[in-house]
2 protein chains.
Amino acid sequence: MAPVPSLLWRSFRVLQVYGANTDVGKTVFTTILCRAAKLRWRKEHVAFLKPVSTGPGNEADDLHVERHAPGVARRTLLQYDLAMSPHAAAKGKLVPSNTELLSSVYRFASRRATHGPGWLFVETAGGVHSPGPSGTTQADMYAALRCPVVLIADAKLGGISLTISAFESLKLRGYDVEAILVFRDGKYDNEQYLRDYFTSHHSITVASLPAPPPRVDSDTDTEVMSQYYEEESNSTAIHKILDHLDRRHQARIDRLDSMRGDAYRQIWYPFTQHKLSSPENIAVIDSARGDFFQTLVPETKEARDINQPALQPSFDGSASWWTQGLGHGNPSLTMSAAYAAGRYGHVMFAGAIHEPALALAEKLLHGMKSTRLTRVFYSDNGSTGVEVAVKMALRAARLRYGWAAGTDIGIIGLRGGYHGDTIGAMDCAEPSTYNENIEWYNGRGIWYEYPSVKCVRGRWIVEIPDALKVELGDDQIFESLSDVFDLGARRSKQRHRTYEEYIELTLSRYLDSGRKFGALLMEPVVVGAGGMELVDPLFQCALVDVVRRSAKLFDTRYQPSTSEPSSSDPTCWSGLPVIFDEVFTGLYRLGRFTASSFLETEADVSVHAKLLTGGLVPLSTTLASESIFKAFESEDKADALLHGHSYTAHPVGCQVALESMRQMQEMEKRGEWDWAKDSDWSGSLGGKTKANLWSIWPWELLDWVSNQVHCVAGTWALGSILVVHMRATDGTGYKSNAALKLQSFLRDGYGDGEVRWNVHSRVLGNVLYIMGSQKTTKDDVVEISDLIRHALVAH
Amino acid sequence: MAPVPSLLWRSFRVLQVYGANTDVGKTVFTTILCRAAKLRWRKEHVAFLKPVSTGPGNEADDLHVERHAPGVARRTLLQYDLAMSPHAAAKGKLVPSNTELLSSVYRFASRRATHGPGWLFVETAGGVHSPGPSGTTQADMYAALRCPVVLIADAKLGGISLTISAFESLKLRGYDVEAILVFRDGKYDNEQYLRDYFTSHHSITVASLPAPPPRVDSDTDTEVMSQYYEEESNSTAIHKILDHLDRRHQARIDRLDSMRGDAYRQIWYPFTQHKLSSPENIAVIDSARGDFFQTLVPETKEARDINQPALQPSFDGSASWWTQGLGHGNPSLTMSAAYAAGRYGHVMFAGAIHEPALALAEKLLHGMKSTRLTRVFYSDNGSTGVEVAVKMALRAARLRYGWAAGTDIGIIGLRGGYHGDTIGAMDCAEPSTYNENIEWYNGRGIWYEYPSVKCVRGRWIVEIPDALKVELGDDQIFESLSDVFDLGARRSKQRHRTYEEYIELTLSRYLDSGRKFGALLMEPVVVGAGGMELVDPLFQCALVDVVRRSAKLFDTRYQPSTSEPSSSDPTCWSGLPVIFDEVFTGLYRLGRFTASSFLETEADVSVHAKLLTGGLVPLSTTLASESIFKAFESEDKADALLHGHSYTAHPVGCQVALESMRQMQEMEKRGEWDWAKDSDWSGSLGGKTKANLWSIWPWELLDWVSNQVHCVAGTWALGSILVVHMRATDGTGYKSNAALKLQSFLRDGYGDGEVRWNVHSRVLGNVLYIMGSQKTTKDDVVEISDLIRHALVAH
């Protein structure tokens, strides 16, 4: 089923009417709005939609509208005869899913929109959080439609409170409340307070109309109500409101249309060559929900003629630079952020402790199930987290080996490994396009080439780089990815010994030439920004093992002192501190809490970010072992780890991370990824029966893609990631343009009757990747898989 | 008036009863809770407090409690006879301020607590957002008390919605809702939905009791109600709830008591020598509101005996590492964060645009009133913002001067200048305690010593460092700080020429020795982390002027090409790009939108963070001129500015920053700092009549402190900052301990009858500073000023 676009057309205005409570006059106000719009915009279409109605059918709100606002197109999508909350009224009946209901709403609006300029008022049922038929509350269910809201306030005693709370529930789901309407009431005069409150706090218009006359009997009622509607729909007050709503609609459209140009003139974009860019390349994102952005469909003449939708759903195929875990606009994460903001704002962290920071530290240490990691250091992003890790490791190594301050100490890494954009993190990467032009960049270390894993023609190949074929031998072929990751079986083989010998020999050569190293730093399992390469896990294990047993290599004069932690202590680092940069690969990205588990080893220092906050705000943690921590203890405060940012361990980030970790751990426990773990789905990745390797991307797709040898060099998938290495005639790496055609096809998207949607993806040179969140549904994966097939056939 | 502590005692449980709506049974439930507590904890005190009651006095809720829960201590603080919302009922009457009302609540609770173990139930009026007497809604007004909440749900039609919204309004103000109670209702059965909802979404207990019998007449009512209360206060349901509340209270206390130890074992603190630290040095922060933390008062035997409060207000005297602008727990910032979280979560920024990022960019560019700055680059914190700035400037300089890639290019800065903790930012600072032990640190540049400004014995002195007295002459004395900042008058004087000659001569010496520089980088007006020095603004101006006119010095072969922006273009950089690190000094910290205005000059690159988000979440912007931006344009995508973090321009941060900027600009426009600008208050700083220099710290205090020559070396204040340089016998700088005694006195705090409060401050070696937010009140400044006087007298 196609995702649902937000309800926005350039000359068709859709408003959603919410009530602060039940029985506050939603239908009366909506009827007046419909009738007044009909009077004022005579040549335009005016429509009324009640998606869900409860109560006896002959009292239905759309009949009321028919009677008092004749000429207005109207529809009730679901009618339940019980006068109860829809979820209760629908009990025992077949209820549509939220997506089905939203699709029906969209279809109704879309058809009205093709009639040309006009208005549509969508009336909700009960209060903002009254549950819809599926049980989801309306405020959550309708949020993705992002209709501007007319909120009907409660004029009764207590109504001030209800109105403000209802407003807040809408606001924190990203709704824009454009006007608040209330019946005049001389006794409580909620209007006055609400006017002051919403004007000063939120710059929102508050307006009132006289309350309808009290009910007498049905004949009299019809007559006096007719008169009431006649008067009110002609009142200045309601036309002022309609003018206001019209202006706000136009302002939203104008702003969306001008944003690309304005951004192009004022924003300096990250990683963007502006000379090769243009306003047309900028996606205007109006909102995002779940895995989908709502992006602007730029206006064209043809579009104007058919009053095409102004927004379309775009699958966030880079998971917003690899951050998304629990979907955009996730209400639980929002509530967590808001709670911490309300409870603390930000509070100073040095010399202080607050609950979210402590609880998150505990959760992470516990979740890592590591015997080594005991300490949590907070910073703001992956790059700063890596800088902290490097500071930690180099100090520990320098002190243990007794190297003087100022000694030139490098790191050991992987070719193409990338750890962030601050200078210290950049220095951890070998010279490449990313950094070679940066004035202060100074690659400090050595970087191993490594065997990588790809699926080609349905088989899993461990590719040995050409330059290493003499040392390491030929490519190896495996039946399944599980076999590649079956380290127990592979450790006993010749290839493992070959890896270790090669690693040790190379290292000795550098050490013999006088170089010093202070850490092994790598991204476990996947080299991310450096090209989305799946690294042969056996090679990474070999690297860790060699480094850990080679203390004598790193400093030939080294004699373990009796006072320092013994190398027989399994929690203590040996050889060099091993840093795992799990910024990208950790926290369920690959399907497991920690990527280190794939390597069956533990880091001495471990860096986490991106998914940490489920995809909401920046936060990073650097976890360290006690033996690293102890290296910074002395009587001199200048020996401390001198690093800290103003917002270190900011409560908002910690609270959100806590909720994000909790939810992902719950999902794992509840088996919410079982569909993807099923061996039918994950096929030769592993499936339930094997090494617990799985991916949301089906094996069938992978197999098929890997056979498109006319354009595909190889592919792989793990966890939420799908990677396609395109054949490149212009070389591999960042400068290649080989994946742009596929990217462009995905961006052009897919039409399904009235609804068009597309996939917003990022490329890394000749590599295109698509990444879901941890909430991506099987249905969406199937749809996107289809789109990928179409794209590759057309390639 | 002393700030109000949160209501927490170790063996005295205070609960606040809120209603999802008016008329949902708050009083009935509270009465049952009181009566049941009295039954169960026979030896303990049970009390009832209605801070504000409306409606005829003889129907008052505390009389109801008296009748049906005899033996419970009870009090109504304010009684208004009209049955309306308190703000309306109080109209025309003298109403207490929020702080006065909270103080009364605190005093009542505090006196009850001294009776020993017990319970206090505080019943609110109407719904959660019903306005209190002052007009502030109760949810906002009572938030600082941080009482755990019993929320009474609404059992009527529509009640599900009202209950969830009321809960959300509380949650986003940092309340912990511990239980939700509702009357049983067979018709709508809201209970069932709410139970499922709150259990699965929030792990909150939902329980129900039978509704009270319907009212008949007053005699019968009394009797049947008595029976009802008798039954319900003995019911298993209510005792389960009390047990639950009791356990939650105990868990909160236990957690607070163990947090210091747990943190000490698991957290690796920034800038902290753990060996010199201990659990006792860790402040446990339960919450924060406005300028005050609520910090744990550790348990002592004496405290146990008198049931001392477990929390006390602590003035956040470092403005939480210089971040706080609009106060902790600011509801507007919370709503902004929640709105953006709900609307977008985070969305990918490269190649995309969203409203908060664009609007913030526009607001900043507009607010800077700069003719140069046209571009906004987003990153996560001051340190990354500076790295971006340096990358920008060095590239622009290298290309203009035609230096090869790989050329060793440094920056020009100020001694003690500090720009952040990532390696690239560290490299901008001269070797010092902060960085000299960092393995990869490599100071790249030269750093000028500079004349600094202090108030000593009531007079303003521009101190020339001893080493420069030969070149620059003796200290200068000024009548007022305004005179020091009167650059128009000072530029024409000899001292200005002396500064320029010295700067130029020094620079030539370095350049002659073959060094190359790519930027002038400094913190305008105040060197922050490097020791809170107020720099002579004339010296900074001279530095900028010399650098800008010295293109020929920086590269003797340089010939401006006709194709490049002419040096006569006033928006184009000349000599070297000038970077202002306004991370600390910008955005109203010193009283003005930009610190560059004090220097009457504009930067080519300007970095902002800290106050940018009003003190809530990390975000940084690096603003640049078009001539810097153009340096990165080419046909090669690798020539782009290759920097970007995952959460670049995260919508939550941008939206909060937008609101924060808006509020501060509004405050300025509305003259909300006029009290501090008054010349009586700001005295020889400047005041309204002079150069618009002002500080929240009164001149009278400054004058007095500057005369405490037995322990004070000098002082200054500007904007929200107060700095005291203590006389040090152990040298100045980071390693000195000279300010610790004063810090400790401030931490010991101040007793005002029942309420104790203190000041949480940070020291930088021999310097102690106290920093308010942009919302700090005159009253609080007066109180803290008193405390400072006491401390210095005792010193």
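This is a predicted model: local features need pLDDT of at least 70, side-chain atom pairs count only at pLDDT 80 or more; totals for chains, interfaces and linings use all residues.
Q: Where is the place of Arg457(A), and why does Arg457(A) count as exposed?
A: Arg457(A) sits in the loop between β15 (452-456) and β16 (459-463) of chain A, where strands are DSSP runs of E with at least two residues and helices are DSSP runs of H or I with at least four, both numbered from the N terminus. Arg457(A) has 12 C-beta neighbours inside 10 Å, so it counts as exposed. Its phi is near 50 degrees, a positive value in a residue other than glycine.

Q: What is the mean pLDDT of chain A, and what does the predictor give the complex?
A: The mean for chain A is 93, and 97% of its residues reach 70 or more. For the complex, the predictor gives an ipTM of 0.97 and a pTM of 0.97.

Q: Why does Asp189(A) count as partly exposed?
A: Asp189(A) has 18 C-beta neighbours inside 10 Å, a count that places it in the class called partly exposed. This residue lies in the loop between β6 (177-183) and α7 (190-202) of chain A, and its phi, near 45 degrees, is a positive value in a residue other than glycine.

Q: What makes chain A as compact as a globular protein of that length?
A: Chain A has 28 helices and 29 strands. Its radius of gyration, taken over C-alpha atoms, is compared with the globule rule, which is 2.2 Å times the number of residues to the power 0.38. The chain's value is 30 Å, close to the 28 Å that the rule gives for 795 residues, so chain A is as compact as a globular protein of that length. Along the principal axes, its C-alpha atoms fill a box of roughly 105 × 65 × 55 Å, and buried residues make up 60% of the 795 residues.

Q: Why is strand β29 of chain A called largely enclosed?
A: In this strand (residues 767-771), 5 of the 5 residues are buried, so the strand is largely enclosed by the rest of the structure. In a regular strand the side chains alternate between the two faces of the sheet. In β29(A) both faces are covered, with Val767(A), Tyr769(A) and Met771(A) buried on one side and Leu768(A) and Ile770(A) buried on the other.

Q: How do you know which strands pair with β29(A)?
A: Two strands pair if DSSP finds at least two bridges between them. Strand β25 (residues 721-726) of chain A is joined to β29(A) by 5 bridges and runs antiparallel to it, with Met771(A) as the bridge partner of Ile721(A). Strand β28 (residues 762-764) of chain A is joined to β29(A) by 3 bridges, again antiparallel, and Leu764(A) stands opposite Val767(A). Both bridge counts therefore meet the cut-off for pairing. The hairpin of β28(A) and β29(A) has 2 residues between the strands, and in it Gly765(A) takes a positive phi near 60 degrees.

Q: How many residues does each chain give to the contact between chain A and chain B?
A: Residues are in contact if their C-beta atoms, placed from the backbone, lie within 7 Å. The contact takes 144 residues from chain B and 144 residues from chain A. On the side of chain B, helix α12 (residues 331-343) gives the most, with 10 residues.

Q: Which strands of chain A and chain B pair, and in which sense?
A: Strand β11 (residues 352-353) of chain A and strand β8 (residues 283-289) of chain B pair in the parallel sense over 2 bridges. Within this pair, Val284(B) is the bridge partner of Ile353(A).

Notes:
Residues are numbered from 1 along each chain as its sequence is written. Chains are lettered from A and ligands numbered from 1 in the order in which they are written. Two residues are in contact if their C-beta atoms, placed from the backbone, lie within 7 Å. A residue is buried if 20 or more other C-beta atoms lie within 10 Å of its own, exposed if 12 or fewer, and partly exposed in between; C-beta atoms are placed from the backbone. pLDDT is the predictor's confidence in each residue, from 0 to 100.
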